[in-house]
Amino acid sequence: MSLSHSAIRPSIRRRLWADRWIYLFLLPTVVLVASYTIWPMFASIWFSLLDWNGFERAGRFIAFGNYAEIFADRLFWNAFANTVIFVVVAVPIRVGLALLLAVVLNAGLPFSRSFRTAIFLPVVTTAAILGVVMRFVLDPASGPVNEVLLQLHLITQPINFLGRAGLSLYTAIGVWVWKWLGITLIYWMAALQTIPADLYDAARIDGAGRWQRFRYITVPLLTPFTIIITLITVVEATNVFDLMLTLTNGGPFFSSEVIDIFVYRQAFAANIPRLGYASAAALLFGVCVMAVIAAQIVVVARLRRRVAEQ
Amino acid sequence: MSAAASSRSGARFWTWLSVLVLAVLCLVWIYPFLWLVSASFKDPLEIFSKGLSLVPNALRWDNYVRAWATAGFSTYMLNTVLVTVGTVLLVIFHTSLTGYVLGRYNFIGRKLVIGVLVATFIIPAGFAIIPIVDLTKTLGLLNNRWGIILALAGSGHAASILLYAGFFSQLPKELEEAAVVDGAGFFTIFGRIMLPLAGPVTATVAVLTFLAAWNSFLIPLVLTFGAPGQRTLAVGMLAFVGTNETDWPGMAAAATLSLVPVIVFFFFVQRFFVEGVAGAIKA
């Protein structure tokens, strides 16, 4: 055991034998991670080269046939574009709105704890159930949202939030921001607490106004948190299966179909499942996401180096 | 009025204006939940007659009876509880063991284990689902709660492992040395001394895993296609509205039943949970 300080360095085999308890302790995690994380990654690559409906035990090897088909599949690119729109629209709204709320709540307002709890409530509840519930809340015929808008005379006709192509994706983005804003709020509040209060006091004495203090103290000191929070939110925005399947199921007419739903439809919701094709789509998109994350990390590292050099 | 006094009353005005705006925002935020609970006690005509009143004419408990007994939510609840408890126990078991040896021992392969765990953070989760279904089928666990538990406990717990490892690495070395002198073996030291000391970490891991397992959807969905009796609440909910599209009060009662346990749980552990999440982002 490595805790005992033996004078002679034992051979590797003896060391392994002496540490056998350690490997025994590692065994459950190793088996689980190998089966449910590592093996699926390699299996996906293999599956993506197969024409396989899942009813037969094994598929037929077709090399890059699935990839060739995907590049010409308009519905794949439609889903790809929807996911990009989702990320580009939803992430800035969620991150920005949460920051605004965090700054307001951090100012020591009365009831700020209760406000935080209220905003946080949707976060802990089940996304798939909220998706179903919001279908009723947003219903054009009897849903309460349209009813309120009608009674306030903000609209004259009910809006079909989830049934109108061109609108349903943005409705889903709104519901997603509602569902998850609370967690981003907590991140920002934690980040704001790392800024020492005397900095603000000193700036106030120097005559800096509310906006100036935010612009010249809060924003620069929050930069590292901004990067990590944005990164987390981008990854989450590419992972919206639960909400989208139950809220719109990609509809109407694929107008809100994101990649998750495309893959699910090919693999599990089609009359003849196409496991190979779905794997290829998931893999292609996964590689794109990883590339974006890697690019972000590289850019951030380069920016940091430049700042350090100055 | 002096300038200072007017600026003070101005500040008070802005404070209360912010409070008012926030109160309206929070009302909008929790409105879907209020509407849901209210609808779960109404009769269908009351909902469709377009009243915005949140107070039902009479408490219609039969909506709950219908959801619980007829629509099978008693079974879904039992399945969700079993899957959640099983997942939490299995996750605590395997992440604490691994966190312990990573945090306290240097052994051949340690760097490899840590490297693989960190790498799993970056791999998108969407990859895995088709091979997981295939693996579960091979193990003969399709349409079985154990299949769901293994899949939920098997992926995405690197953070818990690193949390345990960080905690155990800070404990003084004398703890083991004293125990070894007393004749305690490797298992005794872990089970009797180390794991009890790690109570706060275990609580954090349990809370986060509880929420993730209770709210999980994709894995229980694709692993129970052939067995309605094995569905969890989230999966059952989708099936329920698929076949009872016009039963709004039944839907509302079923959704309330599914959400109440996790909301109650959250209110009990709220402080704890918020601090855990906030701590993670600071680190």
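This is a predicted model: local features need pLDDT of at least 70, side-chain atom pairs count only at pLDDT 80 or more; totals for chains, interfaces and linings use all residues.
**Where the chains meet**

Let's start with the interface. As background, the size of an interface is often quoted as the accessible area lost when the parts come together.

How many salt bridges cross between chain B and chain A? The rule finds zero. Polar contacts do turn up, though: seven residue pairs make them between chain B and chain A, with both residues at pLDDT 80 or more.

**The nonpolar core**

The largest nonpolar core has 177 residues. Its members with the most contacts to other members are F86(A), W188(A), W35(B), Y100(B), V101(B), M237(B) and M251(B). Helix α8 (residues 168-192) of chain A supplies the largest share of this core, 16 residues.

M237(B) is a handy one to click on. Setting aside residues up to four places away in sequence, M237(B) touches I129(A) and V132(A) in chain A, along with F73(B), M251(B), A254(B) and A255(B) in chain B. One of those partners, M251(B), is also on the list of core residues that touch the most other members.

**Salt bridges**

Over all chains, the count comes to nine salt bridges. Here are three of them, with the distance from N to O.

| Side chains in the salt bridge | Distance (N to O) |
|---|---|
| E236(A) and R94(A) | 2.8 Å |
| R60(B) and D43(B) | 3.7 Å |
| E176(B) and R104(B) | 2.7 Å |

Take E236(A) and R94(A), which pair up at 2.8 Å. This pair ties together distant parts of chain A: E236(A) sits in helix α10 (residues 210-237), R94(A) sits in helix α4 (residues 74-106), and the two are 142 residues apart. R94(A) comes in at 0%, so it counts as buried.

Over in chain B, R60(B) and D43(B) meet at 3.7 Å. Both are in loops: R60(B) is between α2 (44-48) and α3 (62-70), D43(B) is between α1 (3-40) and α2, and 17 residues separate them. R60(B) is partly exposed at 30% relative accessible area, and D43(B) is partly exposed at 22%.

Then there is E176(B) with R104(B), at 2.7 Å. Helix α9 (residues 174-181) of chain B carries E176(B), helix α4 (residues 73-104) of chain B carries R104(B), and the pair is 72 residues apart. Both E176(B) and R104(B) are buried. Elsewhere in chain B, salt bridges with shared partners join D43(B), R60(B) and D62(B) into one network.

**A closer look at chain A**

Back in helix α4 of chain A you'll find G96(A). With 35% relative accessibility, G96(A) is classed as partly exposed.

Helix α7 (residues 144-151) of chain A has several buried residues: P144(A), N146(A), E147(A) and L149(A). After α7(A) comes H153(A), which has a positive phi, near 60°.

Finally, have a look at T246(A), in helix α11 (residues 241-247) of chain A. Its relative accessibility is 0%, so T246(A) counts as buried. The side chain of T246(A) reaches two backbone oxygens, that of D242(A) at 2.8 Å and that of L243(A) at 3.2 Å. In general, an α-helix has 3.6 residues a turn, so residues three or four places apart point the same way. Leaving out neighbours within four places in sequence, T246(A) is in contact with A127(A), A128(A), G131(A), V132(A) and R135(A), and across in chain B with F217(B) and L238(B). V132(A) shows up here as well as among the residues that M237(B) touches.

Conventions: Residues are numbered from 1 along each chain as its sequence is written. Chains are lettered from A and ligands numbered from 1 in the order in which they are written. Side-chain values use heavy atoms; hydrogens and water are left out. A salt bridge is a side-chain nitrogen of Lys or Arg within 4 Å of a carboxyl oxygen of Asp or Glu. A polar contact is a pair of N or O atoms within 3.5 Å; within protein, one must be able to donate a hydrogen and the other to accept it, and residues adjacent in sequence count only if both atoms are side-chain atoms. A nonpolar core is a set of buried Ala, Val, Leu, Ile, Met, Phe, Trp, Tyr and Cys residues joined through side-chain atoms within 4.5 Å. Buried means under 20% relative accessible area, exposed over 50%, partly exposed in between (1.4 Å probe, protein chains only). Helices (H or I, at least four residues) and strands (E, at least two) are DSSP runs, numbered from the N terminus. Contact means heavy atoms within 4.5 Å.
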